[in-house]
Amino acid sequence: APSGSMAATATEMARFMLAHLNEGEYDGARILTAQAALQMRERAYADRLQGDDYGITFRVGEFRGLDTISHGGTLLASPSFAEMILIPELEIGVFVAMNGGAHSRLPEQIAEQILTHLVGDRTGSEMTAISLPSNELERYEGAYLTNRRAYTTFEKLGQLTSMMTVRATDKGRLMISGSRYGAFDYVGENTFRRVDGDSSVVFELDENGEPWRC
């Protein structure tokens, strides 16, 4: 569950996205400085340049090789889910909300289908799947915490919701369950891209060059 939530209409979210795509200004009114709006699109850490990450408020990632900023949403104590994805380079934004149901990733999947239609063949440098032998895939197996949550403060002790479990499959892929779930292909530099979408997972390495497990 989120730390807090509020309800918004699709029209209100469209205005919010237009303001960000216009670097903080909407309909003649400025709600953010251009510098702040652009800073919110940046990755927070220079050593994590591959895969999805979090910057200031937004999740920073890629769609067909194009830079995206996005964020999911839900309401407390309600099976309602939403997804917002923007491609600033193309001045495109998509917002999908769903009331009811238990498939939390459905808005994200619908948004990606809409983006596929809007983007067409305008793509950047896409990541392509690389085949790895089973013994190399198995080195990534185990349990992990993601970089989405803070795990050191008292209020987070009971909310380890970003745990992921990883196992290799006989199809040369990783199957991930938890906060990021699905089948993932290896695309290089300890990075795996989800087979049925454009989100990715990057494994950080310890001082011995091994994936940093729990």
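**Figure 1. Asp27 in the predicted model.** At 71% relative accessibility, Asp27 counts as exposed, because the threshold for that class is over 50%. The model shown here and in the following views is predicted. Asp27 belongs to the loop that joins β1 (25–26) and β2 (29–30). The phi angle of Asp27 is near 50 degrees, a positive value in a residue that is not glycine. Most residues other than glycine have a negative phi.

**Figure 2. Glu91 in the loop between β6 (78–87) and β7 (92–99)**. Glu91 is not a glycine, yet its phi is positive, at about 55 degrees. With a relative accessible area of 62%, Glu91 is classed as exposed.

**Figure 3. The aromatic cluster.** Tyr140, Tyr144, Tyr186, Phe192 and Phe203 together form one aromatic cluster. The structure holds five aromatic pairs. One of them joins Tyr140 to Phe203 in a tilted arrangement, with 5.0 Å from centre to centre and 50 degrees between the planes. This pair links distant parts of the chain: Tyr140 is placed in the loop between α4 (134–138) and β8 (142–145), whereas Phe203 is in the segment after β13 (200–202), and the two are 63 residues apart. Both Tyr140 and Phe203 are buried.

**Figure 4. The edge-to-face pair of Tyr144 and Phe203**. The ring centres of Tyr144 and Phe203 are 5.0 Å apart, and their planes form an angle of 70 degrees. The pair is therefore edge-to-face, since the angle is over 60 degrees. Distant parts of the chain are again linked, with Tyr144 in strand β8 and Phe203 in the segment after β13, 59 residues apart. Tyr144 counts as buried because its relative accessibility is 5%, and the limit for burial is under 20%. Phe203 likewise counts as buried, at 5% relative accessibility.

**Figure 5. Arg139 and the ring of Tyr140**. The charged end of Arg139 sits over the Tyr140 ring, at 5.2 Å from the ring centre.

Figure 6. Ile110 counts as partly exposed because its relative accessibility is 37%, a value between the limits of 20% and 50%.

How values were computed:
Residues are numbered from 1 along each chain as its sequence is written. This is a predicted model: local features need pLDDT of at least 70, side-chain atom pairs count only at pLDDT 80 or more; totals for chains, interfaces and linings use all residues. Side-chain values use heavy atoms; hydrogens and water are left out. Rings of Phe, Tyr and Trp (its six-membered ring) pair if their centres lie within 6.5 Å; planes under 30 degrees apart count as stacked, over 60 as edge-to-face and the rest as tilted. Helices (H or I, at least four residues) and strands (E, at least two) are DSSP runs, numbered from the N terminus. Buried means under 20% relative accessible area, exposed over 50%, partly exposed in between (1.4 Å probe, protein chains only). A charge sits over a ring if NZ of Lys or CZ of Arg is within 6 Å of the ring centre and within 35 degrees of the ring normal.
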